[in-house]
Amino acid sequence: MTGSLYARGQHAWRRVSRLWFYPTDGTSPDQRKGMRMIWWDGILASTSDSVRNEFIVMFLLALGASETLIGLRSSINSVAALIAPLLGAWLVTRTGKRKLWVLLSGGGLARLCILTMAFIPLFASGDNAVYLFLGLFAVQAFAGALALPPWNSLLGDVCPLPVRGRYLGSKMMFNNIAIVAALPLAGLLLGAIDGVKGFQTLWFISALLGFAATAMYAQVPEPEAAEASKGKQAGLKTAWRVFLRDRNYMWFCAVHFAWNLGIQLSAPYFAVHMVQTLHFTAKDVALLSTVATVVNIFALRIAGELVDRKGAPIINAISMLLVPLMPLLWIPAQSVVALMLVRCYGSIAWSGSRVADTPLLLMLAPDEYRSEYVAIRNTINRVSMIVGPIFAAWVYVQYGFTTNLWASAVLRMAGGLIFLSMLLRGVFKDKDTLSAGRHSARARRAHF
């Protein structure tokens with residue numbers, strides 16, 4: 001009787017998942033469990049990140065950080081995390097383990113750093129507190145970057161190609177629903193607890209939510225990694241040789257280098273501009289993020305459907321042509337309402353790229369080099385994230401935020417146009433790559 005009720009419950013959950021959450025057709029029981037655990041991990045992790053990330057600059061300002069240090073924090077993090085993706089890929093190929101390294105790095109060390117940040121004002125002040133915060137922030141970035149190759153590699157096995165766009169789009173949508181619920185509460189908490197103590201409380205709550213997400217991810221079933229299935233021939237050295245012969249993927253990485261360089265030219269100073277130039281409060285910042293996230297919820301769900309129907313390359317190209325307008329819209333925006341409209345446009349413009357990025361990356365990467373390809377792309381991105389904020393800080397001091405925004409828009413558009421030319425040249429119509437991805441997905445599903 002109990003078994004029958006359990007079976008009915010499982011069947012009902014699958015129907016609800018297919019209708020309201022994400023499709024599960026053609027998946028094995030272990031894949032469905034993995035998708036479910038990654039689902040809950042994402043919701044808890046997004047909540048943890050949201051109640052913290054929107055207020056990092058405000059916490060640093062409260063600790064006494066200078067504008068230059070705030071602008072350079074992204075470069076500091078990127079330097080710290082530069083080799084982390086390559087290390088993560090190396091660990092996958094050497095051990096055949098992926099979940100282990102996600103749990104120890106992004107799920108363990110990174111969240112321990114967040115918890116420690118909450119206690120900084122208790123034993124440090126002034127410049128020492130700022131430097132300690134930035135040091136822990138850098139370690140957190142290193143641990144998070146190390147987790148990306150094994151996380152993406154395992155996702156490729158857990159989530160089959162035919163449903164990947166809808167799954168990721170729907171997953172992101174529900175992540176944003178959690179953010180909508182959490183951000184106003186974070187703003188109210190900072191309003192109720194004045195000064196540094198409010199930020200300490202917020203960071204402590206963020207750490208607890210993060211560890212709960214780690215507990216969810218620990219339950220994801222893990223099959224044998226394709227990267228480790230053929231001995232040690234698929235090491236980083238071999239992967240680099242394969243990468244250097246893969247001109248399409250090299251162009252793909254070059255596009256993301258220009259794209260991320262453009263992002264870093266303006267990203268470090270959005271919060272500074274709102275707080276110091278426009279004099280927005282913590283409640284204003286939380287309100288803007290909340291409204292933009294509500295729009296993001298619907299945009300991501302639609303984007304997920306479009307990625308599976310039209311293909312990740314097409315949706316990504318459209319998104320990359322829409323996003324460059326967003327930094328220019330910041331120039332005339334001076335009020336909360338005006339910036340609310342800008343943020344809403346940004347949510348819509350970014351949704352296609354956010355959902356399409358991972359399916360596109362997994363589509364282009366050979367299965368046996370999946371974690372290495374992810375690591376190479378992330379390492380190249382890190383270089384742009386090192387160079388970008390350094391140049392951004394100089395531009396900001398010399399010419400002001402408006403120049404940062406123009407430079408950001410130009411570089412983002414350059415990346416979008418290069419990607420569009422790749423699409424028009426048929427780079428993403430490689431039948432061998434697509435058929436290999438589908439074949440490997442079927443093969444993994446058979447023995448998962």
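Let's start with the nonpolar cores of this predicted model. A nonpolar core here is a set of buried Ala, Val, Leu, Ile, Met, Phe, Trp, Tyr and Cys residues joined through side-chain atoms within 4.5 Å. Buried means under 20% relative accessible area, exposed over 50%, and partly exposed in between, with a 1.4 Å probe and protein chains only. The largest nonpolar core has 113 residues, and Phe 55, Phe 133, Tyr 167, Trp 203 and Leu 339 have the most contacts inside it. Helix H9, residues 164-192, gives the most to this core, with 13 residues. Helices, by the way, are DSSP runs of H or I, at least four residues, numbered from the N terminus. Apart from this core lies another, of 7 residues, including Leu 91 and Ala 145.

What does Phe 55 touch? Contact means heavy atoms within 4.5 Å. Leaving aside neighbours within four places in sequence, the partners of Phe 55 include Leu 183, Leu 190, Phe 199, Trp 203 and Ala 286.

A quick word on conventions. Residues are numbered from 1 along each chain as its sequence is written, and side-chain values use heavy atoms, with hydrogens and water left out. Local features need pLDDT of at least 70 and side-chain atom pairs count only at pLDDT 80 or more, while totals for chains, interfaces and linings use all residues.

Now to a helix pair. H2 (residues 29-53) and H8 (residues 126-158) pack at an angle of about 155°, their axes 12 Å apart. That makes H2 roughly antiparallel to H8; the cut-offs are under 35 degrees for roughly parallel, over 145 for roughly antiparallel, 65 to 115 for roughly perpendicular, and oblique for the rest. Those axes are lines fitted to C-alpha atoms, for helices over the stretch in contact, and angles run from 0 to 180 degrees between N-to-C directions. Among the residues that meet are Met 35, Ile 38 and Arg 52 in H2, with Trp 151 and Leu 155 among those in H8.

Next, helix H13, residues 270-277: 6 of its 8 residues are buried, so H13 is largely enclosed by the rest of the structure. Those buried residues include Phe 270, His 273 and Met 274. After H13 comes His 279, with a positive phi near 60°.

Beyond residues up to four places away in sequence, His 256 touches Asp 357, Arg 377 and Asn 381.

Last one, folks: Ile 318 in helix H15 (residues 312-322) is partly exposed, at 45% relative accessible area.

Technical notes:
Helix = DSSP H or I, 4+ residues; strand = E, 2+ residues; numbered from the N terminus.
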